[in-house]
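Subject: A structure to look through

Dear colleague,

Here is the structure I promised to pass on to you. Please open it beside this message and follow along as you read.

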Amino acid sequence: MKTILAPIILLAGTLAFAQTTKDTLQSKEKEIEAVTLTYKKPTVQSKVDRTVFNVANSSILAGNTTWDVLRMTPLLSVDNNDALKAEGESVTVYINDRKSVFTGKELKEYLQTIPADNLMKIEVITSPSSRYEATGSVVNIVLKKRDDEGMKGSITFNNRQNTQNSQYTNFNLNYHKKKFTQTLIGSYSDNTFVQENSLLNTLYENNEVTKIDNYIIYKGKNPSISSTSEYELNDKNSIGTILEFYKGIRSNSSETNAQIFENDQLNRSYFQNQTSSSSNPTFGTNVFYKYYDKEKNRILDVNLGTNYDSEKDNSYYLKNTITSTGATSLDEIGVLTDLQNRNYYLKVDYTQPLGKSGATFEVGGKMDFHNNVIPNSLYGILPEGLSRNDTFRYKDNINSLYANFTKTFFKKLETRVGIRYEYIDYKIGQDIAGTSRKDSYGRFLPNLLLKYSFTDKYDLSLTYTRNLWRPWYSEFNPFLLPRNDGMYTRGNMELNPNPSDRVYMKFGFMKKYFLSARYTFTNQDYWTDYVVQTGATPKDNKTISQESNFTGNVHKYFLYANTNQSFLKNKLSVNLSFGYNYIDNSDFNARNDLKGADYISFWAGSSNLTYTNLFNKNINLSAWVEISNQNNGNSYANKTNVFHNISATKIFPKTQMEVSLQLMNIFQRPNFDATSYSQIGTFRNSSKSDWYGFSLSFVKRFGNQKVKENTKTDVEKNSGGGK
């Protein structure tokens with residue numbers, strides 16, 4: 001649910017006044033208020049290809065991590081598997097236009113180590129140019145860039161009370177001296193989360209119904225540190241390095257109680273206890289060179305990098321099954337995993353204006369190599385059908401080239417034409433089982449953007465994008481593993497990528513009201529499926545979740561309205577959005593023999609409110625509310641969730657201290673409740689989220705906190721035609 005072009009915002013006047021003396025401020029109070037009213041950047045800006053959430057000076061940052069702020073960003077949502085969604089669809093996350101190597105829960109844990117205090121803005125790019133790797137929408141997290149002389153920074157302490165207590169602390173250090181800038185960010189968290197799941201699985205054969213109650217306690221200690229060094233060789237050339245380290249030290253335990261009925265008669269039940277511990281270190285390096293000619297608006301970016309992460313995990317499952325006759329059997333499964341992932345890449349981007357016509361040409365490419373290994377070893381009293389050990393290997397090479405041409409005609413018609421070509425060569429297989437697959441394919445991925453400005457207050461834009469979403473490497477791994485709810489899971493080596501076409505239209509008027517419509521089409525996708533592996537006796541039957549290919553036409557229609565308003569001399573900012581979705585799954589369901597609804601409609605809405613300097617006492621208030629449900633592929637939401645967050649921050653200017661109290665979902669604990677449809681039955685999962693309670697944060701700042709936006713070209717700033 002998202003994007004368009006907002007007014008050009010001028011911050012120079014505001015920043016200049018912010019540096020004046022206290023006496024000058026008092027003597028010119030009315031004049032300063034007028035400047036703020038005119039030039040203060042809106043909290044939410046809607047541009048032609050993206051929606052920008054400006055959070056640099058918002059009270060929403062206090063005591064939060066980057067992940068927390070993403071959850072409150074307009075148009076974004078998080079599902080019960082902690083996957084980030086834009087308009088209900090998966091996204092690719094960039095940090096300062098650099099693609100993150102994490103997805104899913106790993107992405108969540110990594111972003112929880114980045115303090116929100118370091119955020120400049122979050123860009124939700126629903127119509128990305130060919131510059132971006134073609135995986136649907138893009139979320140670009142833009143961090144602050146401090147360039148004032150000397151040392152400055154902040155330290156944060158946070159205590160959060162959910163079902164159990166968690167602590168989080170971080171520090172930001174920045175040093176700038178003439179042409180050299182050094183930034184150091186570190187954090188440590190000690191988190192405990194509780195999750196309660198209720199599952200209801202219905203198999204069509206024998207009318208078998210399984211009721212499962214699952215209680216899980218997650219514990220994690222996560223240290224991280226990152227360093228960014230940049231040196232300006234001269235006014236056009238700069239070089240730098242980025243070093244990142246993150247470690248997840250996790251443990252969890254779960255208790256599961258299940259009953260299985262056939263034709264309304266109790267057939268068997270089982271109890272399972274599970275414990276696990278893991279260690280997950282991650283290292284990232286990036287060396288970059290940047291040439292930027294401000295006068296001629298030329299940019300050359302060269303990035304060379306590596307990423308390495310590993311995970312050693314030891315999980316233990318003890319499962320006791322009781323039949324209707326009272327007979328018992330015991331399964332004891334230990335799982336040892338030692339995952340190793342290596343990534344190497346070279347990326348080059350160049351932007352060049354074309355003469356005096358105002359046109360811009362952009363070209364670039366990337367070479368990307370992955371070498372991933374997942375060894376699994378099982379021990380104990382294993383049920384039949386489980387292999388004791390195997391090693392899964394995944395290697396790929398993705399090469400891509402792109403070009404974008406941007407030009408404005410008649411001072412009213414803005415255009416962007418782009419093409420991207422991606423070629424992947426990959427090889428996957430198991431050492432012991434001997435199963436393997438080698439494949440390669442190339443795809444042309446065009447995109448087009450048109451925007452016509454009738455006047456300075458009315459404009460209409462249209463974008464078309466061809467997308468390609470590839471399976472994650474671990475989704476290919478076919479090794480059968482137990483789950484903490486008593487079921488099993490595995491990957492599928494036959495998965496295919498998901499292509500889709502998207503048309504997006506947006507109408508903006510009065511520079512603050514935006515209406516948009518979107519149509520998305522696909523004829524092939526992959527979703528979570530379920531199969532039953534039959535054993536010698538009913539107790540040996542295994543219900544297995546896996547990703548599977550689903551063919552069939554899916555049509556998605558979407559209408560969206562958004563406005564951002566300021567009141568009370570710009571102290572109160574209100575952003576409101578509302579979206580309506582309609583999905584035609586009729587062909588998809590018929591081809592896959594699914595008994596889900598052929599036509600789905602649902603709506604979602606959100607609101608962000610911020611109030612600055614309440615009673616002129618340096619008190620900032622913020623509130624966020626989202627009402628939504630999630631329907632994707634073969635999964636349908638059974639209820640609508642209401643998420644909300646309320647925070648108050650007191651600032652002490654003389655000591656540069658901040659104290660913040662945050663209330664999270666205090667009126668209603670979120671419950672993700674959805675049913676997935678498979679050829680063999682339906683699978684309902686109701687999961688109570690632990691994102692509720694309250695938190696208290698203390699922030700101490702030091703040094704000059706003046707910041708500037710990361711450098712972008714005029715095309716990139718104003719029209720979103722570049723990054």
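**What was found**

At 66% relative accessibility, K178 counts as exposed, where exposed means over 50% relative accessible area, buried means under 20%, and partly exposed lies in between (1.4 Å probe, protein chains only). K178 sits in the loop between β10 (165-177) and β11 (180-203), and its phi is positive, about 55°, although it is not a glycine. Most residues other than glycine have a negative phi. D264 is also not a glycine and has a positive phi, of about 70°; this residue lies in the loop between β13 (237-262) and β14, and it counts as exposed at 66% relative accessibility.

Before going further, please keep in mind that this is a predicted model, in which local features need pLDDT of at least 70 and side-chain atom pairs count only at pLDDT 80 or more, while totals for chains, interfaces and linings use all residues. Residues are numbered from 1 along each chain as its sequence is written, and side-chain values use heavy atoms, with hydrogens and water left out.

Turning to the whole chain, there are seven helices and 35 strands, which are DSSP runs numbered from the N terminus (helices are H or I, at least four residues; strands are E, at least two). The radius of gyration is 26 Å, close to the 27 Å that the globule rule gives for 723 residues, so the chain is as compact as a globular protein of that length; the radius is taken over C-alpha atoms, and the rule is 2.2 Å times the number of residues to the power 0.38. The C-alpha atoms fill a box of roughly 90 × 50 × 45 Å along the principal axes, and 54% of the 723 residues count as buried. Among contacts (heavy atoms within 4.5 Å) between residues at least 6 apart in sequence, 67% join residues at least 24 apart.

Which residues have the most contacts inside the largest nonpolar core? They are V69, L70, L111, L119, V139 and I141, in a core of 37 residues. A nonpolar core is a set of buried Ala, Val, Leu, Ile, Met, Phe, Trp, Tyr and Cys residues joined through side-chain atoms within 4.5 Å. The elements that each supply at least two residues of this core include α4 (66-71), α5 (104-111), β7 (119-125), β8 (137-143) and β26 (542-567). Leaving aside neighbours within four places in sequence, L111 is in contact with T65, T66, W67, L70, I95 and I141. A second, separate core of 16 residues includes F392, I398, L468 and Y473. In soluble globular proteins, nonpolar side chains tend to be buried together.

S277, in strand β14 (residues 265-293), is partly exposed, with a relative accessible area of 38%, and, beyond its neighbours within four places in sequence, it is in contact with R250, S251, K312, D313 and N314. The C-alpha atoms of S277 and G220 are separated by 9.6 Å, although these residues are 57 residues apart along the chain. T563, in strand β26, is buried, with a relative accessible area of 13%. Again leaving aside neighbours within four places in sequence, T563 is in contact with K512, Y513, V574, N575 and L576.

With best wishes
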